[in-house]
Amino acid sequence: MAQTEQHSIDPLQQIDVDDTITRLSAKKGVESVTVMTKDGQVIRTTATAEQAESHGKLLSKLARDAAEIVEQLDDQDELSFLRIRTTRHEVMVALDHSYLLVVVQTPQKD
């Protein structure tokens, strides 16, 4: 598992993060799992450094924009999950108040 610069995660949260990445990475079709700050700073990833940097930059912006749209539509609502499916990949982004969890997988045939 690739690891980037440490951010302030307490040791118990760190164990949770590592367990989650290990569990998700074992799922069939999962190509990468990345945990990042809301501003796209990669904390932990199973992707290559290049992929993680790209995902961090692009997906954090997309998540911010999507969250802003949801809030504009209903100021009592909050975006918690974003799913994008292309012909080659499925990208799932779980949003927390401080972090994003990104899973990239090969879509299953329908």
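This is a predicted model: local features need pLDDT of at least 70, side-chain atom pairs count only at pLDDT 80 or more; totals for chains, interfaces and linings use all residues.

Q: Which strand is Glu90 found in?

A: Glu90 belongs to strand β5, which covers residues 90-95.

Q: Which side chains does Glu90 join through polar contacts?

A: One partner is Arg83, with a polar contact of 2.4 Å between the two side chains. Another is Gln105, whose side chain is joined to that of Glu90 by a polar contact of 2.5 Å.

Q: And what else is Glu90 in contact with, leaving aside its neighbours within four places in sequence?

A: Besides Arg83 and Gln105, the contacts of Glu90 include Ile84, Arg85, Val103, Val104 and Pro107.

Q: Let us turn to the strands. How many bridges join β5 to β6?

A: There are 6 bridges between β5 and β6, and the two strands run antiparallel. They form a hairpin with 3 residues between them. As an example of the pairing, Val91 has Val104 in β6 as its bridge partner.

Q: Is β6 mostly covered or mostly open?

A: Strand β6, residues 99-105, is mostly covered, with 5 of its 7 residues buried.

Q: How many bridges join β6 to β2?

A: Strands β2 and β6 are joined by 7 bridges and run antiparallel.

Q: What about β2 and β3? In which sense do they pair?

A: Strand β2 (residues 30-37) pairs with strand β3 (residues 42-45) in the antiparallel sense, over 3 bridges. Within this pairing, Arg44 in β3 is the bridge partner of Val35. The hairpin of β2 and β3 has 4 residues between the strands, and Gly40 in that hairpin takes a positive phi near 95°.

Q: Changing topic, where does Leu82 lie?

A: Leu82 is part of strand β4, which spans residues 81-85.

Q: Is Leu82 buried or exposed?

A: Leu82 is buried, because its relative accessibility is 15% and the limit for burial is under 20%.

Q: Which residues does Leu82 touch, not counting those up to four places away in sequence?

A: Leu82 touches Leu62, Ala63 and Ala66, as well as Val91, Met92, Val93 and Leu95.

Q: How far apart are Leu82 and Ala94 in space?

A: Their C-alpha atoms are 6.5 Å apart, while the two residues are 12 residues apart in sequence.

Technical notes: Residues are numbered from 1 along each chain as its sequence is written. Side-chain values use heavy atoms; hydrogens and water are left out. A polar contact is a pair of N or O atoms within 3.5 Å; within protein, one must be able to donate a hydrogen and the other to accept it, and residues adjacent in sequence count only if both atoms are side-chain atoms. Contact means heavy atoms within 4.5 Å. Two strands pair if DSSP finds at least two bridges between them. Buried means under 20% relative accessible area, exposed over 50%, partly exposed in between (1.4 Å probe, protein chains only).
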